[in-house]
Structure formats: structure tokens, C-alpha cells
Amino acid sequence: MTTSPEITLNPLIAARQSRRAFAATSLPDDVLTTLLEAARWAPSCANRQAWRFVVVRTPEGLARLQPTLSAGNDWAKAAPVLIAVVSREDFSMTIGERAYYLFDCGLAVENLLLQGTHLGLVCHPMAGFDEVEARDALALPEGLQVLALIALGYPGNFAELDEATQAKERYPRTRKALEEIVHFERWTGEAR
Ligand SMILES: Cc1cc2nc3c(=O)[nH]c(=O)nc-3n(C[C@H](O)[C@H](O)[C@H](O)COP(=O)(O)O)c2cc1C
């Protein structure tokens, strides 16, 4: 596929990364509001805006939510803010078998991550948590789903992470080649 040195990747997309080391510093309200504002301006199916967010940042709230994290996400306990991304299928359109609430929420989260990158923050989305426990910790009404938790904060000291987490951070970031994911005009080859 053709590339050109003049046509470059958006620097925010190039810079965004799921990092794991947090400083203890809390996030000012205006910074948090800007992140949520970025999420709010995401596109969504029929503009249904299926995303809801529970921002957790008090010691009490964090103490309720942190134990729901999977063991592999222990590093996120150092984040001063956890945002739960909450939704329900009927908050967006379902067309045939395509339920768009997941799509809408994904777009909002990427907006938030890019805005956080722009502000120099560590923003790390996570699926590794116990959803039943998280719903309880967040006092969610029946039927609402927790789709993801996002760990947020200012960058911390890599050297203070445990060995296993440091190893994850060192792991090279990779992506499938364009040839593996893009077809032109019609699908070619096997479904994979
Ligand atoms: C929906 C979703 C769930 C994720 N869950 C976790 C998680 O539980 N723990 C974790 O360390 N990273 C998690 N990640 C981060 C991915 O591992 C990361 O995005 C991927 O390895 C690519 O790396 P990059 O974000 O630095 O480009 C998740 C990312 C997404 C989008």
C-alpha cells in the first residue's frame, strides 16, 4: 500500500499509549471536565449518545472500586481517578443484530484518551475487572452495564512499577499490517 512522507499520522494518535505508571497528584476539576467534554463530542448512532460515565476520585469511592480490578491490573490502584464507562443496549440504536451502544461508547472513550494524551495524562482503558462487583461498588441501577474502566492521572515513575508491570510496559507495541486488515472492492481470501 502507498505511503507518503508528507502525509503523516495525527500526532495525538501517534503519541497515545496505554501506560501504567501514575503520579500521586490528583486531577484538577477543569482537566477532568475537559476529558468528559471530549468524550461528549464523539459521534454516535442517530446521535443517541449511549455513553454514561461514573467518575470515581474520592478515597472512599476508589476503595470501593479498586478491589474489583483483576490482579493483572493492580497498577491501576495508583491512579487518582477511575472512570467507569456505563451503558445499556437501548441507550443507542439496534439495527437488525447490530447493537450500536458498544460502538458509541468506544468512540467516546477514544475521544477521551486522545484528549488526555493532548493534556499529557496517562489514560488507560481496562476490561479487566469484575463487572458484578463493579456495578455494586458504583451503585448502578439494574440493567446498566460497566463496559470499561479508565485509569487516569499524571505520568508517574516507571522505576516504581513492579517487575511484571515494567515488563508489560517494555513489550513492543505492534499492530497488524494494513494488508491483514484492509480489502479493496471485495473481500479476498479466507475470513480471518
Ligand atoms: C476495551 C479495552 C480493554 C482493555 N483492557 C485492558 C486491561 O484490562 N488491562 C490492561 O493492562 N490493558 C488493557 N487495555 C489496553 C490494551 O492492552 C492496549 O490498548 C493494547 O495493548 C494496545 O496498546 P496501546 O494502547 O499502548 O496502543 C485495554 C484496551 C481496550 C481498548
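**Exercise 1. Salt bridges**

Work out how many salt bridges turn up in this model, and look at some of them.

*Solution.* Start with the rule: a salt bridge is a side-chain nitrogen of Lys or Arg within 4 Å of a carboxyl oxygen of Asp or Glu. Apply that and you count five salt bridges. The general idea is that side chains of opposite charge can pair when their charged atoms come close.

Before going on, note that this is a predicted model, where local features need pLDDT of at least 70, side-chain atom pairs count only at pLDDT 80 or more, and totals for chains, interfaces and linings use all residues. Residues are numbered from 1 along each chain as its sequence is written, and side-chain values use heavy atoms, with hydrogens and water left out.

Now take one of the pairs, Asp29 and Arg57, with N to O at 2.5 Å. Asp29 sits in helix H2 (residues 29-40) and Arg57 in the loop between strand E1 (52-56) and helix H3 (59-65), so this pair ties together parts 28 residues apart in sequence. Helices (H or I, at least four residues) and strands (E, at least two) are DSSP runs, numbered from the N terminus.

Next, check how open these residues are. Buried means under 20% relative accessible area, exposed means over 50%, and partly exposed is in between (1.4 Å probe, protein chains only). Arg57 has 42% relative accessibility, so it counts as partly exposed.

- Asp74 pairs with Lys77, their closest N and O atoms being 3.0 Å apart; Asp74 is partly exposed at 39%, and Lys77 is partly exposed at 36%.
- Asp90 pairs with Arg88, their closest N and O atoms being 2.6 Å apart; Asp90 is partly exposed at 44%, and Arg88 is partly exposed at 30%.

**Exercise 2. A patch and the whole chain**

Say which residues form a nonpolar patch on the surface, then step back to the whole chain.

*Solution.* The patch consists of Met1, Leu178, Ile181, Val182 and Phe184, with about 480 Å² of accessible area together. To join such a patch, a residue needs over 30% relative accessible area and no salt bridge; nonpolar side chains (Val, Leu, Ile, Met, Phe, Trp, Tyr) are joined within 5 Å, and like charges within 9 Å. Areas come from the Shrake-Rupley method with a 1.4 Å probe; for residues, only the protein chains shown count as cover.

Phe184 lies in the segment after helix H7 (178-181) and is exposed at 56% relative accessibility.

Finally, the overview: the protein chain has seven helices and six strands, and 38% of its 192 residues count as buried.
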